[in-house]
Amino acid sequence: MAAPGSGGAGRAENGYGSQRRKGPGALATTYLVIYNVVMTAGWLVIAVGIVRAYLTKGSYHSLYYSIEKPLKFFQTGALLEILHCAFGEMYCGYVTETLSLADNSETTENDGDIEGIVPSSVVLTAFQVMSRVFLTWAVTHSVKEVQNEDSVLLFVVAWTITEIIRYSFYTFSLLNHLPYLIKWARYTLFIVLYPMGVSGELLTIYAALPFVRQAGLYSISLPNKYNFSFDYYTFLILVMISYIPIFPQLYFHMLHQRRKVLSHAEEHKKSE
Amino acid sequence: MGSRVTFFEVEILDWKTKQQLCFLDKVEPHATISDIRLMFHKSYPQWYPARQSIRLDPKGKSLRDEEILQHLPVGTTATLYFKDLGPQIGWTMVFLTEYAGPLFIYFLFYFRMPFVYGLDDKLTSSPHPVVNLACICHSFHYIKRLIETIFVHRFSHGTMPLRSIIKNCFYYWGFAAWLAYYINHPLYTPPSYGQKQINFAVIMFLICEAGNFSIHVALSDLRRDGSKIRKIPYPTKNPFTWLFFFVTCPNYTYEVGAWISFTIMTQCVPVGLFTFLCFIQMTVWAKDKHYTYVREFKDYPSLRMPIIPFLL
């Protein structure tokens, strides 16, 4: 899904109110700056690739092939962000603190809950990155017939713009010099980009369905010695259905964050 | 020389709106939070004590029932915050529901109810003895758990939120249905190493169930006098409890062992997946409990690991 990771959503609180997290050390900061700069550059390369291919071919069909490799490389590279969150929870915490988005909402007092396994920020990041990686590899790459679809272009363009803004946002945040324009862009453009990306993703999955059914892709049926069966076709349909509860939640969460962040920034500007 | 009792005044505010919900005057200084909950309940009968979270800060941790008013960091006019935890279910009810579900759901698949495998296979039985064995083991496991819930366990917390039990039921019942579906399927394939594999699994299963039961009894005996204080559990004469030498939560160790043996017995991926998730969840619980003990007792045995001897 094209949701820009906000990092601060529903972080499991320990019940003692918001805690001031320490920023990452100098080494970690350097690493993270380099990482985010490289990712910004990578997605810029993809953007340039799309524009160039459009200008050369004269039409916007089948542009996927021109940017296939950098798309796979940089989208898969985002998996590192899960590690960043897991190992340096301060990374998530730091970004959250900068944005003043620390979610100071209620403590979760459900002791017997199955879901309280890992800190929410890791889960959220993992979820968002995995859904992107899934779209890239398990749908677009695996089902060659959909690569010509226009829906692919739709989500690729949405992802590209979103990621360029998001990674430059993180870069500037880490360097403590965040231009208001970038902050504004990150918290405003999603209003169009997120639905755009989601539409592209859903249409692509939908287009892939008949080919999955035909080839029996990634499916295993009984009997077998592992006593297991899996129908990828049904799985993809369930994935599509899952967008229905998840997309509005994330979208409205981002809208809520937008109000918080941009009004906060306005106050700062006024006080200068 | 008489001592003047300074009565406290307690105001209870809504944690979010900060509106005053209740004002209690002439509260005894040695009143407990439990007493305050009861007083609050009188004004708001719909909020029974179990669903009241009373805290010192709006977003702070819930105060325990045993806490005494005058020992809290408050002046003689105490300000407390209230949050509604939602409908609560007692732990006994929770466990009964969570365990009875899988027990009966498994039977739906074992007896091949018509809506499960289609009309051609309805109410037939499997030619494989291991399928019958698996049903016996699965049922034994949950019946044992139900018996323990009623007769053995002594719970420290009173209740659990309703939302959680619904989520948990979906999880446990859903998984039971999923694994029962494959084990009792007409196209089920028995284990690759045949009777040897099954026999090994059964023996391991019985050992782990006996072990798990022994630990539950030992833990229950720690609280025989009805106290709520935490004590360090120690190995007893029962050899199954000797795992306490190495592990803080041997009940979880045995539980995971039982599920591993069930996976070996059925050679079924969904069972393996469920076992893996159980392992993760129990490791988290075991680590929690382990570090609580370590913090609370300076003389806590240093050899012990949370769930796996020497490793985890």
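Chain B has eight helices and six strands, where helices (H or I, at least four residues) and strands (E, at least two) are DSSP runs numbered from the N terminus. Along the sequence they come in the order β-β-α-β-β-β-α-α-α-β-α-α-α-α. This is a predicted model, in which local features need pLDDT of at least 70, side-chain atom pairs count only at pLDDT 80 or more, and totals for chains, interfaces and linings use all residues. Residues are numbered from 1 along each chain as written, chains are lettered from A and ligands numbered from 1 in the order written, and side-chain values use heavy atoms, with hydrogens and water left out.

What share of the 312 residues in chain B is buried? That comes to 46%, with buried meaning under 20% relative accessible area (1.4 Å probe, protein chains only). As for contacts (heavy atoms within 4.5 Å), among those in chain B between residues at least 6 apart in sequence, 73% join residues at least 24 apart.

Now hop over to chain A. In its helix H3, residues 80–87, the buried residues include A:Glu81, A:Ile82, A:His84 and A:Cys85. Looking down the axis of H3(A), the buried residues lie within an arc of 155 degrees, so they line one face of the helix; the arc is that of the directions from the helix axis to the C-beta atoms.

Notes:
Buried < 20%, exposed > 50% of the residue type's maximum accessible area, 1.4 Å probe, protein only.
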